[in-house]
Amino acid sequence: TQGTRTMGYVFPNDSIEVLVRFTLKSMQPLAFKWNGRRVNIRAINLRYDSMVGRERVYHFAVSDTQTAYQLDYYSHRGQWKLGGYYVE
């Protein structure tokens, strides 16, 4: 989906499938599937969490070789969403 667009940022809020590595203290997204293609994550640039109502949401600013993305994990639902990405 196209989603909302603001100054180079697109906010599709689409549900996505994410390949994740779990450790005792954290989770690390490795790749995700969106619009029929796999995106391999090269770097996690920022991670933080927030509360949306009573649900904790984990946010990951990640990038592949060309694009920056925001992945959001909704812990209560166990659901990943593509919160946004940057296009020039």
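In which strand is K81 found? K81 lies in strand β9, residues 79–86, where strands are DSSP runs of E with at least two residues, numbered from the N terminus. The model is predicted: local features need pLDDT of at least 70, side-chain atom pairs count only at pLDDT 80 or more, and totals for chains, interfaces and linings use all residues. Residues are numbered from 1 along each chain as its sequence is written, and side-chain values use heavy atoms, with hydrogens and water left out.

- Apart from neighbours within four places in sequence, K81 is in contact (heavy atoms within 4.5 Å) with N13, D14, S15, I16, Q70, L71, D72 and Y74.

**Salt bridges**

- The count of salt bridges is 2.
- R56 and D49 form a side-chain salt bridge at 2.5 Å, N to O.
- R56 counts as partly exposed because its relative accessibility is 32%, and D49 is likewise partly exposed, with a relative accessible area of 39%.
- E55 and R77 form a side-chain salt bridge at 3.1 Å, N to O.
- This pair links distant parts of the chain, 22 residues apart: E55 is in strand β7 (residues 55–63), and R77 is in the loop between β8 (68–74) and β9.
- E55 has a relative accessible area of 10% and is therefore buried, whereas R77, at 48%, is partly exposed.

**Strand pairing and hairpins**

- Strands β3 (residues 14–22) and β4 (residues 27–34) pair in the antiparallel sense over 6 bridges; pairing requires that DSSP finds at least two bridges between two strands.
- A hairpin of 4 residues joins β3 to β4, and F22 stands opposite M27 in β4.
- β4 also pairs in the antiparallel sense with strand β5 (residues 37–40), over 4 bridges.
- W34 has R37 in β5 as its bridge partner.
- The hairpin of β4 and β5 has 2 residues between the strands, and N35 takes a positive phi near 55° there.

How values were computed: Salt bridge = Lys/Arg side-chain N within 4 Å of Asp/Glu carboxyl O. Buried < 20%, exposed > 50% of the residue type's maximum accessible area, 1.4 Å probe, protein only.
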